[in-house]
Amino acid sequence: MDLTDALDGNAIGGLLYEIFDAEMTTAVGICAACGAAGQLAEGVVYLRAPGTILRCRNCGAVLLAVVRHRELNCVDLQGLAALEAH
Amino acid sequence: MAGTAVRGRLTWQVAAVDAVTDETASVRTIQLSVPDWAGHQAGQHLDVRLTADDGYRAERSYSIASAPGEPVAITVERLTDGEVSPYLTRELRPGDELEIRGPIGGYFVWPGNDGTAPLLLVAGGSGVVPLRSMLRHRRNSGSTVPVRLLYSARSLPDVIYHAELDQPSRGVEIIYTLTRIQPPGWTGHAGRVDATLLAEAAWSPAEAPVAYVCGPTPFVETAAAGLVALGYPAQRVKTERFGGAEPS
């Protein structure tokens, strides 16, 4: 897999489930940078950044970053103004 | 906490390999026996985790190839420089065990009861895997929703599930395009999925179709943008991108 491969949020359904203990690909996130609302499945995902990165498909801002150290997930949600699971 | 898993939570579990089937020279279907499987929907995934002797772990997400109610199966394409797929497609044998968790995902899912809205499935390479689950689910559930599968593959021997797809099925049209090599006398399409082919193969937006597009990222971007340009509302074009594949 190329470092620059941009996937989408479907690819991190398992990781999101692990973090939130719920199905999150259909959760709607609001981008803190541009205000766009979208299901997490629609976001742009980089699996091999330093950590896992989910970016806004509208403006490219980082919505969510996850770095795993041993069995611990360090989760940065500062790019999300809101997140609502269904 | 091991041993305290609550049903409904997503936990790693050990599945047994029941059967392996070669689909093409580089693609294999692996049928699993999963003791605690809550059932899946067409289009969902499962994660596979391999652990090396030194404790190093690699996880990958694979689309489920079988329909709801059928034994769990994944179809895996071998990537030349892959960490996980060479093991799954070359080494794994019936009787072996595999750590998995699932089902996963709710976005790229065909629930199966979408009224009479026609279904458009667009596949690039092994992007056909979750769409095959949808086709089987349609068949098994007796759905009469008209469906077209537009399937782009490099060549005829690269077509996954070829025999199954070529079985005539009422209300199902399969449209192939071969991007690199066409056999002598080939009467299907040649070349990549583009605006012209989409205009020819896709349902008219007036029929309120629902589209599922799955393939390598550039393929999905082109196909989804093409459908929106044809007049499909963006929210009726579900997309799923995967990486690492050879260009199709």
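These questions and answers concern the interface of chain B and chain A in a predicted model. Residues are numbered from 1 along each chain as its sequence is written, and chains are lettered from A in the order in which they are written. Local features need pLDDT of at least 70, and side-chain atom pairs count only at pLDDT 80 or more, with hydrogens and water left out of side-chain values.

Visitor: What is the mean pLDDT of chain B?
Guide: pLDDT is the predictor's confidence in each residue, from 0 to 100. Residues 1-7 of chain B stay under 50, yet 94% of the chain's residues reach 70 or more. The mean for chain B is 93.

Visitor: How much area do chain B and chain A bury between them?
Guide: Buried area is the accessible area (1.4 Å probe) that two parts lose on being put together, summed over both. Of this area, 43% is on carbon and sulfur atoms. The two chains bury about 1,700 Å².

Visitor: How many salt bridges does the rule find across the interface?
Guide: A salt bridge is a side-chain nitrogen of Lys or Arg within 4 Å of a carboxyl oxygen of Asp or Glu. A:Arg68 and B:Glu59 form one, with their closest N and O atoms 2.8 Å apart. Across the interface of chain B and chain A the count is six.

Visitor: Which element gives the largest share of the side of chain B that touches chain A?
Guide: Strands are DSSP runs (E, at least two residues), numbered from the N terminus. Elements giving two or more residues to this side include β3 (45-51) and β4 (57-63) of chain B. The largest share, five residues, comes from β12(B).

Note on methods
Helix = DSSP H or I, 4+ residues; strand = E, 2+ residues; numbered from the N terminus. Contact = heavy atoms within 4.5 Å.
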